[in-house]
Amino acid sequence: MMISYLVPVVLVLMLLAASIRILPEYKRGVVFFLGRFQAVKGPGLFIIIPGIQKMEVVDLRVITMDVPEQDVISQDNVTVKVNAVLYFRVVDPEKAIIQVEHFVNATSQLAQTTLRSVLGKHDLDEMLSERDKLNDDIQEIIDASAEGWGIKVANVEIKHVDLDESMIRAIARQAEAERERRAKVIHAEGELQASKKLVEAAHVMSANPAALQLRYLQTMNDMSNKNASTIVVPLPIDLLEAFKPLGGGRTVSPRGEPDDA
């Protein structure tokens with residue numbers, strides 16, 4: 001007799017154990033009643049009728065997905081290998097279960113195809129220098145496509161852009177040529193500024209002969225400070241004026257022939 005009462009009690013306890021569900025704060029349960037969608041439950045404690053109701057559990061936390069390395073041909077016909085990381089989360093558990101099969105795998109495939117398609121429309125220089133803009137473009141495309149699945153893409157980051165050795169050497173030569181070009185431009189700008197200052201100095205000295213004489217003496221002083229064996233004897237320029245009458249007012253032409261004044 002005891003066994004006959006014990007069996008139903010055990011069955012009831014097993015039924016209750018199979019019916020009770022507890023979900024944490026970051027999970028939700030999509031409940032189906034006889035195959036039809038009924039409700040989204042959780043978090044907390046609730047009861048599911050075995051055999052009649054079925055529940056699919058969905059995690060609402062941000063999922064970090066590593067997008068596998070993709071072979072991309074850029075717009076300027078350069079082959080590169082690119083990988084990225086994708087951050088997304090489920091915002092609508094009902095759509096994530098009903099609208100798509102295995103939403104994680106579907107999002108991964110969508111991210112791979114979008115990565116190849118977006119990067120293929122840009123040059124190599126844009127991939128290397130405008131990575132933030134490319135990240136935003138990829139995120140917008142994936143987010144728009146996955147919105148119907150109840151998924152929100154939080155961020156997309158391109159991690160690596162791998163080049164072959166020949167392309168790395170070509171980029172190094174290009175950078176070296178660019179540095180040489182900048183050096184030449186800076187040197188030319190320096191020469192231009194120096195020439196303008198020399199013209200200004202010449203105008204100042206021409207207005208005051210004493211300034212030219214002082215500059216001449218300063219140059220002599222600078223030469224004397226160096227360890228040089230050359231002896232320079234300063235000759236006043238005004239002294240040459242006394243020899244003009246002896247020449248009969250004639251000057252010497254560039255060919256070495258005397259000309260009449």
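Trainee: Does phenylalanine 32 count as buried or exposed?
Mentor: Bear in mind that this is a predicted model: local features need pLDDT of at least 70, side-chain atom pairs count only at pLDDT 80 or more, and totals for chains, interfaces and linings use all residues. Residues are numbered from 1 along each chain as its sequence is written, and side-chain values use heavy atoms, leaving out hydrogens and water. Now for the cut-offs: buried means under 20% relative accessible area, exposed over 50%, and partly exposed in between (1.4 Å probe, protein chains only). Phenylalanine 32 has a relative accessibility of 15%, so the label is buried.

Trainee: Which kind of aromatic pair do phenylalanine 32 and phenylalanine 37 form?
Mentor: Rings of Phe, Tyr and Trp (its six-membered ring) pair if their centres lie within 6.5 Å; planes under 30 degrees apart count as stacked, over 60 as edge-to-face and the rest as tilted. By this rule the count comes to one aromatic pair. Phenylalanine 32 and phenylalanine 37 sit 6.4 Å centre to centre with 75 degrees between the planes, and that makes them edge-to-face.

Trainee: What about phenylalanine 37, what is its relative accessible area?
Mentor: Phenylalanine 37 falls in the middle class, partly exposed. Its relative accessible area is 31%.

Trainee: Where is leucine 34 found?
Mentor: Leucine 34 has a positive phi of about 55 degrees, although it is not a glycine. It's exposed too, because its relative accessible area is 61%. Helices (H or I, at least four residues) and strands (E, at least two) are DSSP runs, numbered from the N terminus. In those terms, leucine 34 is in the loop between strand S2 (27-33) and S3.

Trainee: Which peptide bond is cis, with omega near -5 degrees?
Mentor: Look at the loop between strand S3 (36-41) and strand S4 (44-47), where you'll find proline 43. The cis bond runs from glycine 42 to proline 43.

Trainee: Where is the place of histidine 102?
Mentor: Histidine 102 isn't glycine, yet its phi is positive, near 55 degrees. It counts as exposed because its relative accessibility is 58%. Its place is the loop between helix H2 (93-98) and helix H3 (103-119).

Trainee: How far does H3 reach from its first C-alpha to its last?
Mentor: The expected span of a helix is 1.5 Å times one less than its number of residues. H3 has 17 residues, and its reach is close to the expected 24 Å. Its buried residues include Phe103, Leu110 and Val118. From first C-alpha to last, H3 reaches 24 Å.

Trainee: Which backbone oxygen does the side chain of histidine 122 reach?
Mentor: Histidine 122 is in the loop between H3 and helix H4 (124-129), and it counts as buried because its relative accessibility is 13%. A polar contact is a pair of N or O atoms within 3.5 Å; within protein, one must be able to donate a hydrogen and the other to accept it, and residues adjacent in sequence count only if both atoms are side-chain atoms. At 2.9 Å, the side chain of histidine 122 reaches the backbone oxygen of valine 118.
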